Amino acid sequence: MFKLNYKSNRFKFLILAFVLFVIQYFFPLHSTVQLLFFGLGVLFFGIPHGSLDHFIYHKERNEAMNIRSISKFLLFYLGFAVLYASLWLISVELSILLFIVISAYHFGEMDLKALTIKTSLSSRILFSFYGLLFLVNYLLFQFPNVESILLGFPGFEQSQVERLRLLYGYQEEVLLASILIFVPILSIYLFQSKLIGFVQLETVLQLVVLMLIVFNLPILLGFGFYFNIWHAGLSMIEIKKFLGWQDKNYWFIYRKSWLTNGLSFLMIGLLFVVFKGNLERLLAIFFMSIAILTAPHMKVISVLFSKER
């Protein structure tokens, strides 16, 4: 008999998403409140979930933290970041496309983790495909807001947005095609892997409900919830488990990562000061900064998940 796991973290997060949707539906939140929700989520969940990468890096390699090992980490982390940042100077359009592809895999790996999928080439393709379909459809449904943010990227011009606008008129067709393509692929993969069961069904139902809520919220609330609460929250739980910090509260984590958090908070504060009054440019530069750090972060987290499997 199928029975929902009401005590799971994913179920609890879905309840929060539903509450947010109800509030927004009956008492629409002012844009300032939406920005505050997004900003506080980034400060308390989004940034902290990535500020522990150096702990994960050392744990994965069974290395003690010292000047030599930290130097190796910085060389690896900043090397990836600088390499990707240089791409922004060459082509903003290509950089954004690469950011979407990298994020697609990163989101897919977290969202589909509960399916107990083992690491393999086919699973990596499945993660990427799921994440890509999610992001493409979400960006299309939110295109009026996404368009203004894209124009906030330095070097991104109106002519480049016009090419994306062509897909906007076919958002429902793209969504239907995505469902018709992904559902059979997921079903075949699970059947061949002998992973079809109540756990997998529950995971799929949770993701469907999550998407319905996120797609029908304003972008600052919808993507803010997905990235800061769902993705970062679930990631923090997995990170705590991997580091053996299950019995530690979140203030312990903030204290352990005070330096990296502090530098991130300082950067965001500077962005607010420099781009005050220009929300689109502020969000564009923020996402550009996140994009530069996504590649090394994804590499660290991916190794963590691989070890768990």
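Modeller: On a 1 Å grid over the protein atoms alone, a cavity is a set of points where a 1.4 Å probe fits but cannot get out, a pocket is an open set with protein on both sides within 12 Å along at least five of seven lines, and lining residues have an atom within 4 Å of a point. This is a predicted model, in which local features need pLDDT of at least 70 and side-chain atom pairs count only at pLDDT 80 or more, while totals for chains, interfaces and linings use all residues. Residues are numbered from 1 along each chain as its sequence is written, and side-chain values use heavy atoms, without hydrogens and water.

Biologist: How many cavities of 30 Å³ or more does the structure hold?

Modeller: The structure holds 1 such cavity. The largest cavity contains about 40 Å³ of space, a volume being the space filled by probe spheres set on grid points joined across faces, edges and corners.

Biologist: Which residues line the largest cavity?

Modeller: The lining consists of F38, I149, I219, L220, F223, L283 and F287. Two or more of the lining residues come from each of α11 and α14 (279–308), and α11 contributes the most, with 3 residues. Such names refer to DSSP runs numbered from the N terminus (helices are H or I, at least four residues; strands are E, at least two). By class, the cavity lining has 7 nonpolar, no polar and no charged residues; Ala, Val, Leu, Ile, Met, Phe, Trp, Tyr, Cys and Pro count as nonpolar, Asp, Glu, Lys and Arg as charged, and the others, Gly among them, as polar.

Biologist: What is the volume of the second largest pocket, and which residues lie nearest its centre?

Modeller: The second largest pocket has a volume of about 740 Å³. Of its 24 lining residues, I179, F182, V183, V208 and M211 lie nearest the centre. Helices α6 (121–141), α9 (171–192) and α10 (198–215) each give two or more residues to this lining. Its classes are 19 nonpolar, 5 polar and no charged residues.

Biologist: How is the packing of two helices described?

Modeller: The description gives the angle between their axes and the distance between the axes. Axes are lines fitted to C-alpha atoms, for helices over the stretch in contact, and angles run from 0 to 180 degrees between N-to-C directions. Angles under 35 degrees count as roughly parallel, over 145 as roughly antiparallel, 65 to 115 as roughly perpendicular and the rest as oblique. Helix α1 (residues 9–26) and helix α11 (residues 219–243) have axes that come within 11 Å and cross at roughly 165°. α1 is therefore roughly antiparallel to α11.

Biologist: Which residues of α1 and α11 make the contact?

Modeller: With contact meaning heavy atoms within 4.5 Å, N9, R10, F13, L14, L16, A17, L20 and Q24 of α1 meet L221, F225, I229, W230, G233, L234 and I237 of α11. These divide into 11 nonpolar, 3 polar and 1 charged.

Biologist: At what angle do α1 and α10 pack?

Modeller: The angle is about 20°, with the axes 10 Å apart. α1 is therefore roughly parallel to α10. α1 passes α10 in a left-handed crossing. R10, F11, L14, A17, F18 and F21 in α1 meet T203, Q206, L207, V209, L210 and I213 in α10.

Conventions: Left-handed = near helix turned anticlockwise from the far one by under 90°.
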